[in-house]
Amino acid sequence: MKAMSRDRLLAWLEELAGRSTLIGPRIVGEKILYKPVHHSAEIVLDFAKTDLSAKEYFLPSTEAILSVKREKKGFDVEEPSLHGRQIIFGLRPCDARALRVLDALFLNKEPADPYYAERREKTTLIGLACREMGDECFCTSLGLAPDEANDVDLMLTEMAGEYAIRAVTAKGKALLGAAVLQEVEGVPPNPFVRQKQVPILEVGKWPERFDSPFWAHLSDRCLSCRLCTYVCPTCRCFDIRDVELSDKEIERLRAWDSCMAEGYRRIAGGHNPRPAKAERLRNRFYCKFCYYPQDFGPVACVGCGRCIAQCPVNVDAVEVLEGLSAL
Amino acid sequence: MIEQIRDKARELLESKQISCFIGYERGTRGKTHPAFIYNPQEVGRLVWDESCTHNLTVYLHQFKNPVKRGEPPPRVGILLKPCDTRSLNVLFHEKQIDRARVYVVGLACEGVKGNGRLAGRCQRCSERLPLVYDLLLGEKPEPTGREDYAEVADLEAMSPKERLAFWAREFERCIRCYACRQACPACYCFECVAEQLDPPWMGIAIDLSQKQFFHVMRAYHLAGRCAGCNACEEACPMEIPLSLLNRKIAKELEALFGYKVGQDAITPPPLATFKKEEEVPL
Amino acid sequence: MAQNPYRPALGTLVGVKDLATDIKLFQVALDNRQEGRGGFQPQPSYRPGQFAFVSAFGVGEAPFCLTSTTRRSQALEFAVNKIGTVTEALHRLGEGDVVGVRGPFGNWFPMEEMRGKHIILLGGGIGGAPLRPVIHTILDDRANYGKLTILWAARLPSLLIFREEFDSWRAAPDTELHLTVDQGDETWKGNVGLITELLEKVAPSPEEAVTITCGPPIMIKFVMLTLAKLGFAPEQMIMTLEAKMKCGMGKCGRCNLGEKYVCTDGPVFSYAEVRSFLESY
């Protein structure tokens with residue numbers, strides 16, 4: 001296999017950072033997050049999974065979708081200027097698959113979302129295969145693999161201290177360009193250690209479980225915050241609202257929103273179809289495993305386990321899926 | 001102690017003195033999480049050990065309304081540590097929770113641990129016993145003998161410019177998930193000012209200025225009400241040291257008014273009271 | 001960006017009329033110079049039942065049903081109830097002011113399938129707004145539809161909308177208009193009672209009939225029950241549902257009822273469909 005040594009890889013990444021926006025895993029406070037990197041010293045190579053997904057580089061937590069200027073005779077509406085190219089390094093296969101899940105809605109369902117589409121088209125993905133599955137990971141139960149290469153442009157696999165590198169798409173090949181690679185012998189580590197088979201019910205089996213008291217009992221401890229939806233790589237609900245920057249300048253913002261928030265569905269008159277947190281928690285699971293696949297194709301979960309790791313009250317998606325299956 | 005907790009819960013449920021007992025149970029992956037026991041046969045689920053960090057007082061808000069119209073609100077039993085009882089006193093004083101509708105099993109507490117380390121608030125705990133209870137379990141542990149506000153010393157040593165940079169660095173990571181607010185027993189507004197859109201005080205943007213505004217504003221809304229249970233910081237997915245804000249404010253309040261939060265349900269908090277001695281000539 | 005579906009077209013308010021307490025009719029003439037850059041196409045084509053987003057720039061957008069028909073109006077017409085931040089901002093505008101319009105979105109009433117049938121329309125309060133273009137379409141094509149029975153309700157007489165059109169509706173051939181209010185006032189001489197009570201009094205036959213109901217969720221719920229009592233089948237009960245919306249295209253995730261999105265699979269649904277929803281509206 002063609003490979004780069006660790007030092008060579010870091011040097012190549014720093015070179016990329018010099019000519020493009022490079023986003024990679026870096027330490028921020030006590031967490032590891034995908035952030036812009038400029039120097040190789042900032043890049044973390046030994047990590048399990050970042051604490052937030054890479055979705056903010058395609059669906060930013062906040063973005064201005066329109067610029068509006070108040071004029072004497074009305075308004076002038078402008079769209080934001082186009083973004084430059086970006087490279088995301090160190091993308092785990094689950095996070096890369098999550099982009100395909102979002103594509104099903106943002107690209108493939110008419111009309112395509114132009115903001116997401118532009119970022120997606122201008123981003124090159126450098127994947128990094130997992131050495132092993134984490135305690136909370138269950139990607140294999142969703143038909144994914146911790147070394148899946150099909151969702152990235154370039155795939156890196158750690159092997160005996162070197163990084164085997166393979167171009168998956170023409171975009172990846174172009175990025176790799178004339179980078180110097182050496183041959184390396186050996187077999188990548190088996191990432192399927194700690195693989196856990198979690199029962200994922202097919203779409204047709206969800207309706208009969210809708211009215212089960214299971215949901216009320218589960219939701220007793222739920223705090224109805226937004227944490228799970230924000231750390232999730234496939235959750236995409238957003239809000240749109242104008243903000244007045246001055247008496248002449250207005251921005252129309254799009255920002256992350258969450259179906260778990262109590263007022264998420266409340267309309268101006270006060271009516272709220274999901275007033276109880278049990279209904280909202282239930283809707284989140286149904287949206288991911290029952291509605292999204294019916295509407296757009298893929299199940300809206302990649303088994304990354306971030307919601308499991310971070311939920312302050314231990315609402316565990318694996319436990320939920322196992323519990324539902326047993327009903 | 002766990003058997004005493006389970007026995008009491010069973011007795012209260014069987015005699016229908018309560019309709020639910022809120023405690024802790026074993027969760028997944030070595031974690032403990034809040035438990036809601038409705039059936040006396042299930043009290044075996046209850047556990048008590050040093051992993052029981054959550055402040056369960058926050059769940060009393062969901063039992064405030066009657067289940068059926070015309071009935072009184074449900075009576076619940078709850079397991080509380082000394083720090084948790086401070087926040088319960090705040091809720092009693094603010095008339096959010098009716099004392100008669102709660103049966104408190106109060107625990108003498110040696111401290112809880114997170115990541116193998118004794119929690120900060122436990123290292124300097126001055127109560128050691130619950131401040132309000134219907135049943136007290138456990139022997140009073142040794143006093144910690146620790147100075148109360150040592151953890152804000154580093155913050156105080158910073159110049160205002162350094163402090164601003166410190167908090168900007170911390171809040172940059174914030175994702176405005178509101179886990180801190182939702183875990184806090186004292187944050188019970190129907191519509192938080194952070195989510196009001198008329199006017200849009202904080203708008204919808206998840207950017208540094210709105211995030212800083214939210215956290216500082218929340219700390220001020222909690223001044224004199226924050227019991228220091230640290231549920232906010234423990235809930236935060238980005239490990240932001242939120243308690244430093246609240247502790248600094250608590251330190252100032254104690255110095256100015258000699259006030260410590262949640263010691264009882266009667267003493268009015270200084271920011272909600274005015275004393276004649278405080279009158280300043282115009 | 002080519003054809004950005006989030007970008008509104010600009011339009012000028014050519015008319016702002018009071019319809020009822022806190023309800024105004026906005027008439028918007030689209031600015032053709034923004035042609036092809038989002039929003040409506042220059043010759044707007046839309047059907048009864050569809051909706052559009054109206055922007056009060058500086059505050060935001062909200063969805064409103066289109067209450068006009070292309071046949072009767074060059075301008076787009078919206079009935080706006082002042083109840084939230086966007087509608088309050090819109091109510092502060094007057095003739096000559098500029099708004100944004102984005103649409104049309106959603107599905108539409110099955111006007112073709114309704115031909116030759118007895119049409120029964122039930123509108124409560126602002127819910128009458130999506131029914132007005134149905135009435136206009138029928139009246140402008142009278143021979144192709146059967147009897148038209150309109151039940152129009154509001155909490156108070158001052159909240160009945162499109163009052164100035166009532167005479168023209170009554171005057172149309174084979175058309176009945178029945179009004180009711182929850183609470184009368186000194187001048188009110190008509191029916192007092194809920195729309196369900198009025199419906200039981202009028203007792204239309206389900207034979208070759210189609211009903212369309214629009215109003216607050218609680219009203220729709222009880223009208224469905226009453227229609228069932230009168231022998232109507234779920235397929236004969238059409239309704240238009242409301243939900244909080246932000247994008248209109250099924251992307252923001254907000255308006256789903258189960259796997260259906262009110263913005264793309266609706267807002268027009270039959271009770272036969274709604275009954276099978278896992279969630280309640």
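Student: Which residue in S2(B) is the bridge partner of B:Tyr24?

Tutor: In S2(B), B:Tyr24 is bridged to B:Pro34. This is a predicted model, where local features need pLDDT of at least 70, side-chain atom pairs count only at pLDDT 80 or more, and totals for chains, interfaces and linings use all residues. Residues are numbered from 1 along each chain as its sequence is written, chains are lettered from A and ligands numbered from 1 in the order written, and side-chain values use heavy atoms, without hydrogens and water.

Student: How many bridges join S1(B) and S2(B)?

Tutor: Strands pair if DSSP finds at least two bridges between them. Strand S1 (residues 20-26) of chain B and S2(B) are antiparallel, with six bridges. Strands (E, at least two residues) and helices (H or I, at least four) are DSSP runs numbered from the N terminus. In this hairpin, five residues lie between the strands, and B:Arg29 has a positive phi near 55°.

Student: Is strand S2 of chain B mostly covered or mostly open?

Tutor: Buried means under 20% relative accessible area, exposed over 50%, and partly exposed in between (1.4 Å probe, protein chains only). Strand S2 (residues 32-37) of chain B is mostly covered, with six of its six residues buried.

Student: What is the strand order in the open sheet of chain A?

Tutor: Strands of a sheet pair through backbone hydrogen bonds, either parallel or antiparallel. Here four strands run S5-S4-S12-S11 (chain A) with antiparallel pairing. S5 (74-78) and S11 (238-244) of chain A are at the edges, each with a single partner strand, so one side of each has no neighbour in the sheet.

Student: Where does A:Lys69 find its bridge partner?

Tutor: In S5(A), at A:Asp76. Strand S4 (residues 62-71) of chain A pairs with S5(A) over five antiparallel bridges.
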